[in-house]
Amino acid sequence: MAVEKNFQNEFLRGVFQASPIVIAYFVLSIPFGILAVKMGLSLAAAAGMSIFVFAGAAQFIALQLIADNAGLWPIFVATFVINLRHFLMSMSLGCSLEKCRKRFLIYLAHTNTDETYGVNIIKEKPLHPNNLLGTNLTSHLAWIVGTALGALAGPFLPWSTKYFEALLPIMFAALLGTQIINKKDTAASFLSGLLTLILLFVMKGRWPFLIASLVAPAVMLFLKEPKK
Amino acid sequence: MKAIILMMFLATFLVRFFPLLFFNRIAIPDRLKEWLHFVPMAIFAGLIGQILFEPLVYFPNWIGQMPLFVSSAATILLAIKTRSLAISMSIGWVLFIAVTKLLDFLAPPIW
């Protein structure tokens with residue numbers, strides 16, 4: 001009984017903690033649904049993508065590639081490269097998470113997005129699997145329902161996505177800010193942003209910020225030594 | 001279409017699952033933990049840096065990026081101060097719309 005109650009508490013807490021994500025996901029998945037139908041996808045295909053892929057940027061880019069008749073492999077490679085950043089996020093989440101069963105991990109892995117990760121990683125450690133389940137399931141549902149709503153209502157709406165597209169970087173900014181607690185955190189963030197800017201001039205694609213997010217934390221470890 | 005969704009599922013799932021499984025099962029050294037502490041913020045800072053600056057590398061349209069610059073900076077500062085995603089996001093978004101409208105008002109949107 002105690003265990004069950006604990007499950008419910010942690011799960012429900014997770015559901016509430018998902019509320020900022022739910023808002024952002026509605027605002028992003030509705031345009032995705034609208035766009036998907038515009039590009040000729042069926043409601044089932046659009047919703048299927050949101051259920052089984054659940055990766056914002058990759059889904060939008062896939063729509064473009066499908067429209068260009070790009071073929072299976074380019075879509076596979078694009079999805080893979082765009083979501084390589086989740087490798088780091090899953091790694092960091094795995095370390096902070098209480099040891100838990102594989103079937104939990106399968107779903108938590110599938111629903112580990114930039115946004116759920118950002119919300120989950122600032123919670124008290126060690127992270128409770130049920131709590132993450134509450135947050136991730138709620139976010140996933142919001143993403144699916146939004147997609148379906150967009151796909152259904154899309155053809156009837158005069159739609160401009162200009163203001164909605166900005167929600168993604170603004171959410172990332174909010175997720176960054178909530179993680180910054182001391183001067184070292186500020187330094188690490190600043191360093192990563194600066195490094196990305198420099199790398200943008202020498203390489204293409206997603207590499208600049210991926211490399212920056214590996215290197216900047218390593219530099220921070222170096223900077224720490226002399227102070228001790 | 002089913003094949004595309006299946007391929008995309010595999011491409012995202014594999015990348016998310018194996019690191020989660022592996023690092024959930026083994027104990028990691030302290031040094032790696034310290035490194036991992038900075039990884040999340042570095043990811044988001046880098047992501048924001050890329051979104052803000054990438055368009056400028058190809059076409060230096062500073063004014064066109066201004067709404068995003070102002071709103072992201074304000075959102076980061078607000079999130080540090082308030083510790084609330086909802087508050088910082090909503091104010092940041094309103095600011096984005098306001099700055100966009102202001103720029104449209106001050107000059108015709110040639111950007």
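Modeller: Let us begin with a word: a residue is called buried when its relative accessible area is under 20%, exposed when that area is over 50%, and partly exposed in between. Keep in mind that this is a predicted model.

Biologist: Good, let me try it out. Is Ser192(A) buried or exposed?

Modeller: The relative accessible area of Ser192(A) is 0%, so this residue counts as buried. Ser192(A) belongs to helix 12 of chain A, which spans residues 183-200.

Biologist: Which residues is Ser192(A) in contact with, leaving aside its neighbours within four places in sequence?

Modeller: They come from both chains: Ala212(A), Ser213(A) and Ala216(A) on one hand, and Ala42(B), Ala45(B) and Gly46(B) on the other.

Biologist: Now to helices. How do I read which way the residues of a helix point?

Modeller: An α-helix has 3.6 residues a turn, so residues three or four places apart point the same way. For a case, take helix 5 of chain A, residues 72-82, where the buried residues are Ile75(A), Phe76(A), Thr79(A) and Ile82(A). They cover an arc of only 145 degrees around the axis, which puts them on the same side of the helix.

Biologist: What do the buried residues of helix 5 of chain A pack against?

Modeller: Within chain A they pack against helix 4 (56-67) and helix 6 (85-96), and from chain B helix 1 (2-25) joins in.

Biologist: Let us turn to the backbone. Where is there a cis peptide bond?

Modeller: Look at the bond from Lys125(A) to Pro126(A), which is cis with omega near -5 degrees. Pro126(A) sits in the loop between helix 8 (114-121) and helix 9 (129-153) of chain A.

Biologist: And phi? What is there to note about Phe54(A) and its phi?

Modeller: Phi of Phe54(A) is near 45 degrees, which is positive although the residue is not glycine. Phe54(A) is in the loop that links helix 3 (43-52) to helix 4 of chain A. With a relative accessible area of 1%, Phe54(A) is buried. Arg83(B) lies in the loop between helix 3 (62-82) and helix 4 (85-106) of chain B, and at 38% relative accessibility Arg83(B) is partly exposed.

Biologist: Now for the whole chains. How many helices and strands has chain A?

Modeller: Chain A holds 13 helices and 0 strands. Its radius of gyration is 19 Å, close to the 17 Å that the globule rule gives for 228 residues, so chain A is as compact as a globular protein of that length. Of the contacts in chain A with a separation of 6 or more, 78% join residues 24 or more positions apart. Buried residues account for 53% of its 228 residues.

Biologist: What does chain B look like by the globule rule?

Modeller: Chain B has 4 helices and 0 strands. The radius of gyration of chain B is 20 Å, well over the 13 Å that the rule gives for 111 residues, so this chain is more spread out than a compact globule. Its C-alpha atoms fill a box of roughly 60 × 45 × 30 Å along the principal axes. In chain B, residues 24 or more positions apart make up 41% of the contacts with a separation of 6 or more, and 48% of the 111 residues are buried.

Biologist: Last one: how far apart are the mean positions of the positive and negative charges in chain B?

Modeller: For the 8 positive and 4 negative charges of chain B, the mean positions are 10 Å apart. For the 18 positive and 10 negative charges of chain A, they are 4 Å apart.

Definitions and conventions. Residues numbered from 1 in each chain as written. Chains lettered and ligands numbered in written order. Predicted model: local features only at pLDDT ≥ 70, side-chain atom pairs only at ≥ 80, totals over all residues. Heavy atoms only, no water. Buried < 20%, exposed > 50% of the residue type's maximum accessible area, 1.4 Å probe, protein only. Helix = DSSP H or I, 4+ residues; strand = E, 2+ residues; numbered from the N terminus. Arc of directions from axis to C-beta. Contact = heavy atoms within 4.5 Å. Rg over C-alpha atoms; globule rule 2.2 N^0.38 Å. Lys, Arg positive; Asp, Glu negative; His and termini not counted. Charge placed at Lys NZ, Arg CZ, Asp CG, Glu CD.
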